[in-house]
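I opened my notebook to get to know a new structure.

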Amino acid sequence: MERLNEGWYDLALSSGLLDENREFLLMLPRGTWTAAEDRRPRRGMHVWHRVRLLDRWDVMGAGAASFLGVRSGHPGFAMLALDNSVWLLADTYESGVGVYAVRDPARSPGVLRELERLAGEDVYRDPAFRREVTAWLERGAP
């Protein structure tokens with residue numbers, strides 16, 4: 001857990017995820033269910049919450065065991081800088097954990113392709129989400 005937490009924190013700092021108050025946006029499922037429950041058939045959209053990293057934190061251990069993953073050491077979350085300049089994703093794969101940062105995600109070809117895919121499929125079974133993504137893509141990312 002220590003290495004996972006150190007890696008996440010180094011990437012969060014070097015990418016610019018955290019502002020001067022150590023605040024950022026964290027994507028959480030709407031409602032009170034855990035990430036493990038959320039991986040079942042979709043029950044609703046995710047929403048962003050403004051959070052502050054405290055002096056004592058354990059994102060990859062205790063955090064991943066509750067709402068930031070499926071269990072300790074198995075993260076599954078997305079974070080966004082308050083100014084939308086950095087998107088950070090952590091996920092668990094068959095053979096390990098990956099933590100990625102994307103600068104200027106609104107202009108990232110990979111992010112745009114993924115949004116186009118989501119807008120074209122009924123992944124979330126949420127028409128409002130699809131309309132919002134489609135309208136945003138049609139306007140041309142900022």
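Which residues lie nearest the centre of the second largest pocket? I looked this up and found Arg52, Leu53, Trp57, Val59 and Leu68, from a lining of 14 residues. I took a pocket as an open set of points on a 1 Å grid over the protein atoms alone, where a 1.4 Å probe fits and protein lies on both sides within 12 Å along at least five of seven lines; lining residues have an atom within 4 Å of a point.

Before going on, I noted that this is a predicted model, where local features need pLDDT of at least 70 and side-chain atom pairs count only at pLDDT 80 or more, while totals for chains, interfaces and linings use all residues. I also noted that residues are numbered from 1 along each chain as its sequence is written, and that side-chain values use heavy atoms, leaving out hydrogens and water.

**Entry: more on the pocket.** I read its space as about 200 Å³, a volume being the space filled by probe spheres set on the points, which are joined across faces, edges and corners. I sorted the lining into 10 nonpolar, 1 polar and 3 charged residues. For this, Ala, Val, Leu, Ile, Met, Phe, Trp, Tyr, Cys and Pro count as nonpolar, Asp, Glu, Lys and Arg as charged, and the others, Gly among them, as polar. Strand S1 (23-29), strand S2 (46-52) and helix H3 (59-65) each give at least two residues to the lining.

**Entry: the overall layout.** I counted 5 helices and 7 strands, which are DSSP runs numbered from the N terminus (helices: H or I, at least four residues; strands: E, at least two). From the N terminus on, I followed the order α-β-α-β-α-β-β-β-β-β-α-α. Of the 142 residues, 35% are buried; buried means under 20% relative accessible area, exposed over 50%, and partly exposed in between, with a 1.4 Å probe and protein chains only.

**Entry: the cores.** What is in the largest nonpolar core? I found 17 residues, with Trp8, Leu17, Phe77 and Met79 having the most contacts inside it. Such a core is a set of buried Ala, Val, Leu, Ile, Met, Phe, Trp, Tyr and Cys residues joined through side-chain atoms within 4.5 Å. Helix H1 (2-15), S1, H3, strand S5 (77-80) and strand S6 (86-93) each supply at least two of its residues. Apart from it I found another core, of 6 residues, including Val111, Leu115, Phe129 and Val133.

**Entry: methionine 79.** I located methionine 79 in strand S5. Why does methionine 79 count as buried? Methionine 79 does so because its relative accessibility is 1%. Leaving aside neighbours within four places in sequence, its contacts (heavy atoms within 4.5 Å) include Trp8, Phe24, Trp48 and Leu88. I also checked the C-alpha atoms of methionine 79 and phenylalanine 24, which are 55 residues apart along the chain and separated by 7.0 Å.

**Entry: three loop residues.** Glycine 16 sits in the loop between H1 and S1 and is partly exposed at 32% relative accessible area. Not counting residues up to four places away in sequence, glycine 16 touches Ala81 and Val86. Asparagine 84, in the loop between S5 and S6, has a positive phi of about 65° although it is not a glycine. I noted a positive phi of about 50° for aspartate 104, again not a glycine; I found aspartate 104 in the loop between strand S7 (96-103) and helix H4 (109-120).
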